[in-house]
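Here is a short report on charged side chains and how they pair. Look at the model first, then read on.

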Amino acid sequence: MIVVATADFELYHGVVNELRDRGTTFTTIEPDGALPERTTVVITGADNAGAFADANVTTVVAGPDDPRGAVDRALTALRGDGGRTVVGVDPGRKPGIAVLAGDTVVAAFQVPLADAVEVIRDEIHEAVDPVVKIGDGARLQSAKLVNELEDVRVELVDETGTTPYLGTGVRGMGDVLAAVNIARLEGEVVDAREIEPTAGELQRIKDRSRERSETNRSIDERLARRVAAGELTIDQALAEHRNGGSEAQSAPDE
C-alpha cells in the first residue's frame, strides 16, 4: 500500500488528487505518525525524507511542482522488478505516446511531432534503463524520432494490427491505444533510420501545402524535403514560400 506522509498542504493535495485520479489504494498519515502494517511505499516531502529510514519501506521524496512524477515513482516501486519504464510511440504528425511501468499504463499523450521527443525525454529522465518502442509505420516521422532519441535504447516495432477497432464515444483514441500495444511488443534495436523521402511522399506534402494555401500554390521540392525531415511544418514552409524562399507554383505538379 502507498502512504502519503507530509505536512506540506500543496504537496499533499497534488499527490492525493493524482492517486485518486488513477484509482490507487492509499492512506495518509502525519509525518511523525506510525506506518500501517501493509505499507510498501511512502510519499513524503524533503523535510521528512529521513523520517522513515529505519522502516522496511521505499521512500519517494516529492515536491509540490511534480506530484505526477512522484506517483509514477511510487507505483513503479510498488510493482518491484517488473516496473521497467517502456514508452510506446505510434508515429505520425501527432504521435500517440504511452508510458508503461511494467504492464501498467501510467501516462498517455498525443502531441505534435515537434514536441514528441521532449515529452518522451521528460517521461524517462529519472527511469532506470528505460526503452522507447516506436512503430515502423509513418516512415518519415518514425525516422525523425529515432534519430533524435540519443542515449536511450530505441526499438523499432512492427506495428501491424496495433490500432484497435474504436467503438462509439472513443474516436480520437486510436493512436494512443496503438502506442500501448506497441509498447508491449518486441522490437529491433536501432540507432538511426534513413529519412530520405520518396517521390510520392514529397508529392503528398506538396499536395497538402496546396490545400492549405490561400492562393492554391504548393511549396517546391526543397521546402517539401524540409517538411519531410521534420524541420518545418506545412504552415512554416508556406510562410517561407510566401516570403520569397521558394518559387511559386500555381499549376498542379506533374
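Arginine 139 is partly exposed, with a relative accessible area of 25%. Partly exposed sits between two cut-offs: buried means under 20% relative accessible area and exposed means over 50%, with a 1.4 Å probe and protein chains only. Arginine 139 forms a salt bridge with glutamate 201, and their closest N and O atoms are 2.6 Å apart. Arginine 139 lies in helix 4 (residues 139-148) and glutamate 201 in helix 6 (residues 199-212), so this pair ties together parts that are 62 residues apart in sequence. Glutamate 201 counts as buried, at 15% relative accessibility.

Two terms need their rules. A salt bridge is a side-chain nitrogen of Lys or Arg within 4 Å of a carboxyl oxygen of Asp or Glu. Helices (H or I, at least four residues) and strands (E, at least two) are DSSP runs, numbered from the N terminus.

This is a predicted model: local features need pLDDT of at least 70, side-chain atom pairs count only at pLDDT 80 or more, and totals for chains, interfaces and linings use all residues. Residues are numbered from 1 along each chain as its sequence is written, and side-chain values use heavy atoms, with hydrogens and water left out.

How many salt bridges does the structure hold? There are 12. Side chains of opposite charge can pair when their charged atoms come close.

| Salt bridge | N to O distance |
|---|---|
| Arginine 139 and glutamate 201 | 2.6 Å |
| Arginine 22 and glutamate 18 | 3.0 Å |
| Glutamate 221 and arginine 225 | 3.3 Å |

Take arginine 22 and glutamate 18. Arginine 22 is partly exposed at 24%, while glutamate 18 is buried at 16%. Both belong to a network of salt bridges that links Glu18, Arg22, Arg68, Asp72 and Glu123.

Now turn to helix 7 (residues 221-228). Glutamate 221 and arginine 225 both lie in this helix, 4 residues apart, or about one turn. Glutamate 221 is partly exposed at 38%, and arginine 225 is partly exposed at 31%.

How confident is the predictor? pLDDT is its confidence in each residue, from 0 to 100. The protein chain has a mean pLDDT of 87, and 94% of its residues reach 70 or more. Over residues 246-254, pLDDT stays under 50. Where pLDDT is low, the predicted coordinates should not be read in detail.

Conventions:
pLDDT = per-residue confidence, 0-100. Contact = heavy atoms within 4.5 Å.
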